[in-house]
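Colleague: I'd like a close look at one part of this model, the place where the two chains meet. Could you walk me through it slowly?

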Amino acid sequence: MKKVIYRNQISKVLGISLVVFLLFSISIFAQDEPATGSSGDPVKGKTLFNQNCAACHSLTRKMTGPPLANIESRLSEDEGLDREWLNAWIKNSAGMIKSGDAYGNKIYTEYAQAPMTAFPTLSDTDIDDILAYTAAPPPAPVAVAVTVDSKDGSAKSSDITNELILGALIVVFALLIMMLILVKKTLKRFAIAKGVDLDEAYAGKGLSLWKAFVQNQFLVLVTSIFLLLAAAYFAFGWMMQVGIDQGYEPIQPIHYSHKIHAGDNKIECKYCHSSARVSKQSGIPSLNVCMNCHKSIYEYQGNPEGPTKEDLANGYTNEFYTGEIQKLYKAVGWDEENQKYTGETQPVEWVQVHNLPDLVYFDHSQHVSVAEIECQTCHGPVEEMEIVSQYSPLTMGWCINCHKETNVKVEGNEYYTKIHEELSKKYGVDQLTAAQMGGLECGKCHY
Amino acid sequence: MASNKKYWKNEAELNPNDSIVEALRQNEFVQEIPVDEFLGDKENLSATNTDRRDFLKYVGFSTAAAAMAACEGPVRRSIPYVVQPENIIPGVANYYATTIANGFDFASILVKTREGRPIKVENNTDAKLKGGANARVQSSVLSLYDSTRLQGPLKDGEPVEWNSIDADVKAKLNSLNTAGKQIALLTQTYASPSTAKLIAEFKEMYGTVNHVTYDAISEDAALSAFEARYGERALADYNFEEANIIVSFGADILVDWQGGGYDSGYSKGRVPKNGKMSKHVQFEANMSLTGANADKRIPLTPMQQKVALAQLYAKLNGASTSGEIPEYAQRAIESITQEIGKNKSAAVVVTGLQDVNAQAVVLAINEMLGSKAFDAKAPKYVRQGNVKNVNALIADMKAGNVGALIMDGVNPMFTLPNATDFAEGIEKVDLSVTFSTNWTETTEMTNYTVASNHFLESWGDTQIKKGHYGLIQPTIKELFDTRQLQSALLQWMGSDKSYYDYIKETWSTDVLGEGDWNQALHDGVFTAGSNVVEELVETVAAVVEVEEETISTIDVSSAVRNLASATSGGGMELRLYSKVGMGDGQQAGNPWLQEFPDPISRVSWDNYVTVSKVDAENLGLINENVANGGLDGSYTNLTVNGITIENVPVLIQPGQAPGSVGMALGYGRQVGMKSEMQTGVNAYPLYQGYNNVQSVTLEKSAGTHEFACMQLHNTLMGRGDIIKETTLEIFNTKDHSEWNKVPMVSLNHQEVPATTVDLWDSFDRSIGHHFNMSIDLNACTGCGVCVIACGAENNVPVVGKEEVRRSRDMHWLRIDRYYSSEDTFEEDNVKKDEFDGLSGDKGSLGGFGEMEDPATNPQVAFQPIMCQHCNHAPCETVCPVAATSHGRQGQNQMAYNRCVGTRYCANNCPYKVRRFNWFLYNNNDEFNYHMNNDLGKMVLNPDVNVRSRGVIEKCSMCIQKTQKTILDAKRDGRSIIDGEFQTACSMACSNGAIIFGDVNDGNSKIAELKESDRMYHLLESVGTKPNVFYHVKVRNNNEA
């Protein structure tokens, strides 16, 4: 009965979240409406801006280049420079600096003499569009949304359903037990009322179950053997777990979310872990790799709708993530204010999640580049992990199973041509497993 | 019958009134056990709530807790780069070409670095100049991580700032310059165009600079003779590959003779090709590595060698000279004369006698023959030391004429024969500065000690041979606060240039010509075009020349007369030499080199005086093996010119010329060394007048010395199937079944070849790679570079002298050295075959006893032995835990984590190549070498496991290298080219004695070598089917 009621609730939640979602979509569009009467198309302008300018410019803050919000009006008001000048500058700033343009040289010196890339390919219309975008007021901070979006909502509600079902079951069982007790009591009362002596009634009916069991030696023997075996089985299983850190999920000095990077933003694993392609080590990316993006991504805006309830419960607010980016800046010695490196670095001491013992040689490039195995095969759905944990047991048995089951990827690899032909003939198979190729020999991993 | 005898243990027992005896009779202990401390306080004890049961609970709980805690893995941290250098990828090795030029060793090398730290030295195969990295060069990477290195500049032994040194030195130099007092620069040989130029500029700035070059082990005689004949202070170059006949008078051409680097050319000529190989005749006193490789070795004392050389010269000119030499030597000289006469330009004569006359005669002979192997046009600059200048400097110092003394790369207080004079002189010097990597005997005496760079942290350049340039580039940033001499000189000259810029400038103006700097830096070597060379040499030579001198020519005929009349000064003749593993001793703190066994004596961690058996008997000196297998020897006192060094251990050396003794320089360093490394006796005080031949008296002294000798059995005992040997004549004329016999075994009462019998079923090994290794006993000189390379690649631990003495050395690769009991191995074989019955003249009982004694001038053979990777491996079948197993690629694999240390496998191995880790050699201060400190551990190869206590280890055929080659090919999607598969030993062997490869690749070199007539397997009769094979040694005994 209760369940049915709850189903109604789900649809309610879904309904509300849909409304919220729609509201937000509208507000996003609303922000992109041009605020001033410029001729360009700010929507196109935003795309162009992100493609061409965002690496060095932000709307509101200094980066490699100056902030660009309302650049057109600011220039004409403060410096008396017109649109012509701006067009010329965008298309060939170096030329202008050379020709001794006063403001051009001033900016050039102010921004550490980093010349701006020339954009001769941008048409005047493109520039119009970009300027229209810059003229739009910078996006106001998004109100923290308290409601959940539809996707998360449904996931959450299914969790709630499970909990409720369990609770309901417990209640039902409790009621049943209560009823049984009550029935027993009532029957006893009937019996007493009818004058039946219960003890006497049972006295002649032989031994109780327990006593019978104790007296049956065979049964005792079999049971104890069974219990011992079961204990040994579980003890062995437990002891074999020693040293296996499956699920190990250490707290890292910087809260780096693989979910945001690899999941939400779909950054390829090997963009950061580039050495996995050529080296035995997948490598923890050096901080300069982080700075490739984080020079311009200085705050977390990954969820325009604001953090989900779940994130909030964990404290993963936008401010929290932005704070983690600040930790990166501190470690790498990045002076955000002046947009330059201070040279004062503090290398980050990450906690290693996957620890293979020294006695085994494992080569990432063999698996990643040669066999083209997905990282997720061993590391699990990293793109869904807010905190990375060890997914696989990393035991030898686990390695060997995979070597026995996985076919060697020989197509298009000249190295394998001869040996594959000969070996597949020998074993009478079309596809060789890693084990057949010699992947179970001790010396292949232990030296 | 009951006895009423009274037994007593102690005199006191006889006294019945003794209280102690009475007490002991009643109690076990004389005194009460002092339990009062914790049980005396009754009040406290009764008041406590902790009873016995609680105590047991606590014990139980804490034990359980400790056990549980052990189940938790440790938290491991991992720190990536902040800014990763572009060309460093963790896990991938980078190679840099550089050059070693430490004043003793000069070689073009490649340095392997991992994560920015150098871990291995390889040969630079791009270098046109022959001469690979020897054992010392291979080991030099460990000296970089020496924990006793100086970590910053010092003044009178106390740390000081650079500023203060710079200011003090500059002020002093300026005042000396104005005062006109001498500023002396005492340095090693650099052979460096840039350094020469820099010192010339330094001289220009401070006018009174006197640059003196000093070699610890001098080649002054050879330099002077060359200078007298050709007008340039340099050394003639030799290419022994070109020679059909090589005659050497005491020249150790395979070790350090005239700067070394001649062994690879020598070896190439020693492998029979088209029925031809070179013939090598050696006249020498000590049994040297060179003599051991010679076809004919004639033991002569140095004095006799001089006479023999004079006679050879005379005979070649059809004349005769005076002088007496033994009859056998006389005969040898005659036959050599004939052979040289036949070969003319394909003959070469060399000498290692430190005698200008001898050197001049040799130059004259080679020139007369027009020897192809002899090159005086493009000489070598690897030794520049000038004895006269050094002596003059010491005299000046003693006279108080020297104001400042700046030293670099030298340790005169240790290496000078007259170190006391030097010490006296240095007291009178106002300012003394030593550039040194370590605290030494010399730094102790000087005002300022400048912690200097290791060569792997330095910039530099070399000109090893005229026109052959090399660059030295740093492979790691300075580990400590150090500075190299050249940078300091630039600083003191007020220049703000770095030495790197200085070299670049010098090269672009003087060296490169049309060449490209980046290319030269990448290659590490640069060979100038011929016309460029001429000009260059002039400019450089002008700079190198210290003072203009009139060069007196040496009259050859008078030189010959002088030689012929050579007489010893009475007593015995001492020939001082340098060991292949120690050189001049500048790397004495290097544990790899200390543990490296001498190829001839197989003794590690020591030097000693080598004495012939006859002389030893006369002097009552003995060597004996004791019960634990160690070798013990007598001590002796050596006196040269009134200088005595005491208690030098004696080693009786087969082949030592009677009347002569030998002793290695370079040992006995004490100051600034770990106590473990303070081994041997310093022989430099005997190196009087920088002459390697001295007249010496020996006197037995008391006590016995304990050697750490790796090989106790010296002779081959006629077991011709271990080292197969034949002569060139037989090799050329007879079928290989005659001289490379396959052993026969009995099958069904019939003799059949051992190769046809098999106890096991063979696997099909024709698919995939099948690795084989070929070792050519003709090309192998026994130099041992492979031993060091193997240790460096595979993290082989150093175990120390005591453990080596117990035969617990860990070398995965050893080089067995065998002597013959008769004059030749062949005679051994004959003698053994002719044994008849147990006793009697030809009885085996006495006969075998005789065969254990090496001959007075034995034949010698070297045999590198590593795991033979048997296809039917006896070790694999006995391992109870299957820790050792066979791979399809032919490697016998060892899973250390599986090994439980029963050592059955080591017992069952017919080749005795398995090594047991008796102790934990890493992180253990009992083994204070390099694996117990963070610095020393940096040299470990991260691709190879560091083994723990209680497991067996052995050669893996560098499976980490073969696997890497395969993986690289897979990644590139290509098949593997022949020559790509290498092991550490095959890469290190520049002589080409060790070849490695895939025999299933039909076109490979190794497949060709396996089909060779000379191929044989070690102990073929055992049926182990090894994957390592050897090539029969061929000796060129052809007489003219």
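Predicted model: local features only at pLDDT ≥ 70, side-chain atom pairs only at ≥ 80, totals over all residues.

Now zoom out to the whole contact between the chains. Chain A puts in 46 residues and chain B puts in 39 residues. On the side of chain A that touches chain B, the elements giving two or more residues are α14 (287–294), β3 (350–351), α17 (364–370) and α20 (414–427). So your strand β3(A) is on that list, and the largest share, six residues, comes from α20(A). Sorted by class, this side of chain A has 19 nonpolar, 18 polar and nine charged residues.

While you're looking at chain B, here's a helix pair to compare. Helix α5 (residues 135–144) and helix α26 (residues 785–794) of chain B pack at an angle of about 20 degrees, with axes 8 Å apart. Because angles under 35 degrees count that way, α5(B) is roughly parallel to α26(B). The crossing of α5(B) past α26(B) is left-handed. From α5(B), the contact uses B:A135, B:Q138, B:S139 and B:V141, while α26(B) brings B:V785, B:I788, B:A789 and B:A792. By class, the residues of this helix contact are six nonpolar, two polar and no charged.

Note on methods. Residues numbered from 1 in each chain as written. Chains lettered and ligands numbered in written order. Axes fitted to C-alpha atoms, helices over the stretch in contact; angles between N-to-C directions. Helix = DSSP H or I, 4+ residues; strand = E, 2+ residues; numbered from the N terminus. Parallel < 35°, antiparallel > 145°, perpendicular 65-115°, else oblique. Left-handed = near helix turned anticlockwise from the far one by under 90°. Contact = placed C-beta atoms within 7 Å. Nonpolar A, V, L, I, M, F, W, Y, C, P; charged D, E, K, R; others polar.
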